[in-house]
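I opened the model today to look up a few local features, and I kept notes as I went.

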Amino acid sequence: MNNPFGANGILTRVGEHIPGVNNAIQELHKAAGQHDALRRAKKTDPLGSDGALTKLAERIPLVNQGVQELHHAAGNKESLARAKRRNPLGADGYITKIGEHIPGINDGIMALHIRAGRHDLAEQTKARTLQGMLSKDGVLTKLSELLPGSNLVAAAIHEAEGNKEEAARARDLVKNWKKAGSADGPLAKLAELLPAVDVVAFGLHLNAGNYAQALRSITKTSWVNMEISSVSIVIRTQSLKDLIVSHLFAESVDLSPFRASTMGGLYDIARHSLKLSKAGGQGTMKTELLHRLRSLMNQKIGASVEGGLQQLPNLAQKQVRSFTIRLQKIRNEVMPKMILDRALQVASYMNPSTVGSSQCQAERWQRWLVSHINSHLPNEFPMPQEKYMRTLHESILRIGASHGKGFEYRPVRIREQTCKTAIPQYAAGVSALSCLGFIACGTHTGMLGCLSGLIAGLVKSSQLARDRTIAWLNQNNANAWQATNVPGSSRHDALLFQLPRDDFVKSRRQAYRYVWDQLLNGREACKLAARLASFWLSTWADDLEGDASLPLLIEVEVPVIQACDRKAGSALDTTLPSFQAVLIAEVGMCDGTPKVQNLQLAIKEDSIHCMMESVRCQLEDQDLRSLHPGFAGFAQPIHAAFELKSLDWQRADEVKLTFSSLRSRLHLPQ
C-alpha cells in the first residue's frame with residue numbers, strides 16, 4: 001500500500017495545491033531527489049507562474065501589474081504575455097471595454113488607444129464618444145435634427161463648420177422625420193450603440209439587405225479591413241462546354257478591427273447574400289459558402305463562354321481579313337520570286353549551254369506566269385456561309401483543352417536519297433551520248449537526247465521544288481512559333497485546344513467544302529493546280545523522315561474578347577487582351593492523298609500568364625459593389641487587391657490557380 005505522505009501519496013498531492021504548503025513539499029521532493037514529483041509540484045503550485053491563484057490575480061485591476069513584474073523577474077515570457085492580455089486595464093481588458101461605453105470616459109480611452117498605436121480600437125470607441133455622437137453624422141446630432149427648434153441650432157452649427165449639405169438637411173424637418181426609421185436614420189444608429197439592442201439592429205439590417213449597415217452595427221467603426229491569405233481555384237478543362245470549377249479553397253481570413261462578432265456577422269451576411277440556410281458551425285458554414293460560390297462561378301463561366309461565342313462572327317471576319325492580307329502578300333511578293341527561281345533552274349537543266357542567257361528567258365516566263373496565275377487566284381477570302389458558322393459554333397463548345405509540357409514543333413527532314421538523285425545524272429549522260437549518236441546516226445538519237453534533257457530538267461526541278469518547299473515550310477513554322485513567344489521567356493509549355501475526332505472530321509469536311517465551293521468557286525485553273533499540288537505532295541511521302549506528314553504552323557492573332565459586359569447585364573467589365581496563338585495542322589500523306597490529320601491551337605503558357613495578369617489588374621480597378629444589391633450601402637467603392645501566386649497543372653486537363661494576399665477595405669456609412 002502506498003504511503004499517503006510519500007512522493008506520490010494522496011496527502012502529498014493534496015498539499016501541493018495549498019499555497020505555502022506547496023513550497024515546503026517542493027523542498028522535500030528536492031531533498032529526496034524526486035525530480036518527477038518536483039516538476040509536478042511546481043506545475044500545480046497555486047502561486048506559481050501558471051498557478052490558479054496567479055491566473056486569478058492576473059484578472060484583478062492593479063494586482064495584474066504586480067504579477068507582470070514577477071513574471072518579468074522570473075523570465076517567464078509566456079506567462080508575462082498572458083498577464084498582459086488579461087490585464088483588466090489593458091487595451092482589451094474588461095474594465096476598458098466597460099469604459100468604452102460611457103460617454104466622456106471613452107473619449108479619454110480613445111486618446112490612450114491612439115497613443116498606444118491601437119488605431120483599430122480607437123476606431124471602435126469613436127462611435128460611442130461624445131465627439132463621435134456630436135459629429136455631423138452622429139446619433140445625437142441626428143436626434144436633435146428631429147426636434148423643432150433644435151434642428152435650427154444644429155443647422156447653424158453645420159453652417160459654422162462649413163457643412164452646407166448637412167445644414168440643409170437639418171432645416172428640412174419633414175424629410176428628417178421621414179428618414180428617422182431608415183437604415184442610416186437616428187433611431188437605427190441609437191439602437192446600434194446600445195448593448196444587446198445592437199444585435200437586434202444587426203438582424204433588422206441583414207433581413208432588409210442593408211449589409212453595410214449590418215456590419216456597422218456590430219463593428220462600431222467606419223471601416224473594416226479584410227484579408228485572405230490564400231485562395232485556390234481548381235478548373236477542369238475537358239471541353240469549353242464542360243469548363244467548370246471543381247474545387248475552391250480559402251485559407252486564413254483575418255479582420256481588422258477584430259471581434260468574434262465581426263467574423264460571425266460576415267458569415268451571416270455571406271449566408272444571406274448567397275441565400276443559404278443557417279445550419280451547423282462556422283466550419284460547416286464555410287464549406288457551404290465555398291460550395292455555393294463555386295456554383296455561382298460555374299454559372300458565370302458558362303455565361304462568359306456563351307458570350308464569347310456570340311462574338312464568333314466578328315472574330316471570323318477579322319481572321320478572314322488577316323488571311324486576305326496574307327494572300328495579297330503571297331501574290332505580290334512570295335510567288336513572283338519563287339517562279340523566277342524555278343524558271344532559272346528549269347532553263348539551266350533543260351539546256352546547260354544557254355545558262356548565261358537564261359536570265360532573260362526566265363524573267364519572261366515569270367511575267368507571263370504571274371499575270372496568268374494572278375488572274376485565276378481569288379482576290380480575297382470570302383466570309384464562310386451560315387451553315388459553316390453554325391457547325392463551327394457547335395464544334396467549339398466541344399473543344400478540349402490540355403496542357404502540353406515542353407511542347408515544341410518538329411522541323412521536317414528529308415531522307416537521304418540515292419535513286420532519285422541519280423536520275424538527272426543518268427539522263428544527262430544519255431543526252432551527251434545521244435548528241436554523239438546524232439552526228440553519227442541521225443535524228444533519232446538527237447530526239448532521244450532532247451527527251452533525256454527534258455526528263456533531267458523536270459526531275460531536278462521537282463527535287464528542287466520539294467527542297468525549297470520543305471525549307472520554306474520549316475522557316476514559316478519557326479517564324480510562326482517564335483512570334484508567339486513572350487519576351488524574356490524561354491519556356492515551351494503550351495495550352496493545346498483540340499476538337500474530338502468526330503467533330504474534327506466533320507469540320508474538316510466543311511472546311512474542304514468552303515475552299516472548294518466558296519474560295520475557288522468558278523476558278524477551275526486553281527482547282528486543277530490544287531490537284532496537281534496534291535499529286536506532287538503525295539509523291540514526296542517516301543522522301544520524308546518519320547511518319548510522312550507535314551506540320552504547317554499558322555500564326556493567329558486573337559483580338560480582344562469581351563468576357564463580361566455590364567451593358568449586357570454582367571456585374572463586371574472584363575476583357576481578354578489580344579494575344580498570339582499558333583494553329584498547328586498535321587498534313588498526312590500515308591494513303592497517297594494529302595489530308596489534314598490533326599488540328600491544334602496552341603497558346604503559350606506565358607501568354608496565359610499575361611492574360612491572367614491583365615484580368616487581375618482589371619478586377620482590381622472594378623467597384624465590387626455591383627456584385628450584389630446589398631453592397632450598395634457601402635460608403636466608397638469596394639476594391640480587391642490580390643496577387644497571382646501560381647498556375648499549376650495538376651493533370652493535363654486540370655489547372656490550379658492560387659491567389660495570395662487578397663485584401664480589401666470596406667468603408668461603412670456614417
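This is a predicted model: local features need pLDDT of at least 70, side-chain atom pairs count only at pLDDT 80 or more; totals for chains, interfaces and linings use all residues.

**Entry 1, helix 3.** I looked at helix 3, residues 35–44, and found that Ala37, Leu38, Arg40 and Ala41 are buried. These four cover an arc of only 165° around the axis, which puts them on the same side of helix 3. On the other side of helix 3 I noted His35, Asp36, Arg39, Lys42 and Lys43 as exposed. I then checked what covers the buried residues, and the cover includes helix 1 (10–15) and helix 2 (21–32).

I traced an open sheet of four strands in the order 2-1-11-10, with antiparallel pairing. Strand 2 (244–256) and strand 10 (640–651) stand at the edges with a single partner strand each, so one side of each has no neighbour in the sheet. On average, neighbouring strands here are turned by 15° against each other, direction ignored. For strand 10 and strand 11 (residues 654–667) I recorded antiparallel pairing over nine bridges, and I saw that tryptophan 649 stands opposite valine 655 in strand 11.

Is glutamine 213 buried or exposed? I placed glutamine 213 in helix 17, residues 211–219, and because its relative accessibility is 5%, under the 20% cut-off, it counts as buried. Its side chain makes a polar contact with the side chain of aspartate 184, at 3.2 Å. Leaving aside neighbours within four places in sequence, I listed Ala183, Asp184, Glu192, His205, Gly633 and Pro669 as the contacts of glutamine 213.

Terms used:
Residues are numbered from 1 along each chain as its sequence is written. Side-chain values use heavy atoms; hydrogens and water are left out. Helices (H or I, at least four residues) and strands (E, at least two) are DSSP runs, numbered from the N terminus. Buried means under 20% relative accessible area, exposed over 50%, partly exposed in between (1.4 Å probe, protein chains only). A polar contact is a pair of N or O atoms within 3.5 Å; within protein, one must be able to donate a hydrogen and the other to accept it, and residues adjacent in sequence count only if both atoms are side-chain atoms. Contact means heavy atoms within 4.5 Å. Two strands pair if DSSP finds at least two bridges between them. Axes are lines fitted to C-alpha atoms, for helices over the stretch in contact, and angles run from 0 to 180 degrees between N-to-C directions. The arc is that of the directions from the helix axis to the C-beta atoms.
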